[in-house]
Amino acid sequence: MRSMGGMTGMTKGAMRGATRLLGTLLLLGALAGGLAACGKKGGPSAPGPASHITYPRTYPAPD
């Protein structure tokens, strides 16, 4: 039986499948990590109490 460069017990097809699976899992993990890291929960809101918020306001200011 011929040696396959030190990889005993795995055929080329199994090795290719394992490499493809590992690559797919790494790609999905990178995409999921990127999506989980961006954005924040909830909609945007101005800081402070509502009585002190001056924006949005109309432009030009009414006379």
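Colleague: Where is Ile53 placed relative to α1?
Modeller: This is a predicted model, where local features need pLDDT of at least 70, side-chain atom pairs count only at pLDDT 80 or more, and totals for chains, interfaces and linings use all residues. Residues are numbered from 1 along each chain as its sequence is written, and side-chain values use heavy atoms, without hydrogens or water. Helices are DSSP runs of H or I with at least four residues, strands are E runs of at least two, and both are numbered from the N terminus. Ile53 lies in the segment after α1.

Colleague: Which residues is Ile53 in contact with, leaving aside neighbours within four places in sequence?
Modeller: Contact means heavy atoms within 4.5 Å. With those neighbours left aside, Ile53 touches Ala46, Pro47 and Gly48.

Colleague: What separates the C-alpha atoms of Ala46 and Pro56?
Modeller: Ala46 is also in the segment after α1. Ala46 counts as partly exposed because its relative accessibility is 41%. Pro56 is 10 residues apart from Ala46 along the chain, and their C-alpha separation is 9.9 Å.

Colleague: Is Leu27 buried or exposed?
Modeller: Leu27 sits in helix α1, residues 12-37. The relative accessibility of Leu27 is 53%, so this residue counts as exposed.

Colleague: What percentage of the residues in the protein is buried?
Modeller: The protein has 63 residues. The buried share is 0%.

Note on methods. Buried < 20%, exposed > 50% of the residue type's maximum accessible area, 1.4 Å probe, protein only.
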